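Subject: Structure handover

Hello,

Here is the structure for your files. My notes follow below it.

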Amino acid sequence: MQSFPIQLVRSRFPALAGPAAYLDNPGGTQVSQPVVDAVAAAMVGAASNLGGHFKASNDADAIWVRAHDAMAEMLGARSGREVLLGQAMTMLTFHISRSLGRMWAPGDEIIVTRMDHEGNVAPWIRMAEDRGLTVRWLPFNRDTWRIEPADLAPLLNERTRLLALNYASNLTGSINPVAELTRLAKSAGALVYVDGVQSVPHVRADVEALGCDFLACSSYKFFGPHLGVLWGREALLSELVPYAPRCATPVPPGRHELGTPQTELLAGLAASVDYFVWLGEQVGAGGSRPQRIAAAYDAATSYEMPIGQHLIDELRKMPGVTVHGITDAGQQKHRVPTVSITHAQHRSEALAKALGAQGINVWSGHNYAFELARTLGLDENDGVLRIGLAHYNTVAEVDRVIASLKSLLA
Ligand SMILES: Cc1ncc(COP(=O)(O)O)c(C=O)c1O
């Protein structure tokens, strides 16, 4: 494989031409020029509702179809009929949790984790309250930083209806053994809902290979516009009671998508999938679009990993700094380059503010990984200082944040 074309990649993202170092990628990524152009073009040419008998509406219809199909390619789904698009992952999860809850009865059980973002916890807890279900909490292992199948097994029984878990943590960056955990949960008869928000920017999600029933993600974390995406098995999406207007289409995905779609953002979403295809081509891949997307992921991961390890190694050398997550270079394949730290004397928010003032964008707080922050015994509000890389970051940017931190901590 040829070397990663970092300068070409960066030139694709207008925001990266500015002075800021974008190390806030787990919170949201920048978009490439073609995404900006696609959004603008849709606002000019397809600012119309769907299903009309004129060109702008026909173009909006085409954008709608294309966005669903592109996401199916991205996630390894069978077709765009399995893809729901909406405002955000949290909204989609709250929404579909109502439909799922309709299948279950008091005394049934669901499992949520102490590692997940609230977007994959709160919807299930609220649904359980509404339906009289029992909530079981799955811990993560403090040594491996991931959810171990051995901890899931004792929670499963014939009343387990759902396992909701994340693919990668937005705080520690650890990647869970999702396929294995899914197999275990499904052998007990449960459905599996995967939060892929933090994995999809770094790890190719092949929903068929994972074997799960749902996988949610957010396109603003993978170089696209502010949208949520939910893949679900077509049979399930067809059967679930839709929380939708009575005259809505009876077939998925439309039967679970409410209101007029954000056509311009859907155009940007398809363009963000095209970006992965483009990146695959730049690193020498041919073949089908999914093959090019897969090559883009491989190249981006190979490029990101050493930079992420460099960041971790430098942070660990700083007196008073604790890295919350996998630090061992040999375990890099079990994490994404999202690195959270605390300092013995300095508050995370103060550090984030000071770095922000220098044009270094990072995040502080619990980042909605509420249970995780509690389990680690962190200050619930101040949480961690989170530095999260994407494939458009450079070693120079990592060295910049390290140098700034050194002088702030001195
Ligand atoms: C792991 C994880 N899940 C869910 C969400 C929520 O995504 P959205 O903003 O699309 O609701 C986030 C957002 O940061 C996240 O990091």
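Which domains does the domain assignment of the chain give? There are two entries: domain 1 (8-30 + 305-409) and domain 2 (36-273). These bounds come from an automatic or database domain assignment.

Before the rest, two notes on how to read this. The model is predicted, and local features need pLDDT of at least 70, side-chain atom pairs count only at pLDDT 80 or more, and totals for chains, interfaces and linings use all residues. Residues are numbered from 1 along each chain as its sequence is written.

Domains

The C-alpha centres of domain 1 and domain 2 are 27 Å apart. Their contact takes 27 residues from domain 1 and 26 residues from domain 2; two residues are in contact if their C-beta atoms, placed from the backbone, lie within 7 Å. On the domain 1 side, strand 10 (338-343), helix 13 (370-375) and strand 13 (384-388) each supply at least two residues. Helix 13 gives the largest share of that side, five residues. Helices (H or I, at least four residues) and strands (E, at least two) are DSSP runs, numbered from the N terminus. By class, the domain 1 side has 13 nonpolar, 11 polar and three charged residues. Here Ala, Val, Leu, Ile, Met, Phe, Trp, Tyr, Cys and Pro count as nonpolar, Asp, Glu, Lys and Arg as charged, and the others, Gly among them, as polar.

Ligand

There are 13 residues around the ligand, and A88, T90, H117, G119 and N170 come nearest (C-beta atom, placed from the backbone, within 6 Å of the molecule). The shell divides into three nonpolar, nine polar and one charged.

Helix packing

Helix 10 (residues 263-282) packs against helix 11 (residues 289-316) at about 70°, with the axes 7 Å apart. Axes are lines fitted to C-alpha atoms, for helices over the stretch in contact, and angles run from 0 to 180 degrees between N-to-C directions. Helix 10 and helix 11 are therefore roughly perpendicular (65 to 115 degrees). Helix 10 contributes F276, V277, L279, G280 and E281 to the contact, and helix 11 contributes R289, R292, I293, A295, A296 and A299. Seven of these residues are nonpolar, one is polar and three are charged.

Helix 11 also meets helix 14 (residues 395-409): their axes come within 10 Å and cross at roughly 15°. This pair is therefore roughly parallel (under 35 degrees). I307, H310, L311 and E314 in helix 11 face V395, V398 and I402 in helix 14 across the contact. That contact has five nonpolar, one polar and one charged residue.

Regards

Note on methods: Angles under 35 degrees count as roughly parallel, over 145 as roughly antiparallel, 65 to 115 as roughly perpendicular and the rest as oblique.
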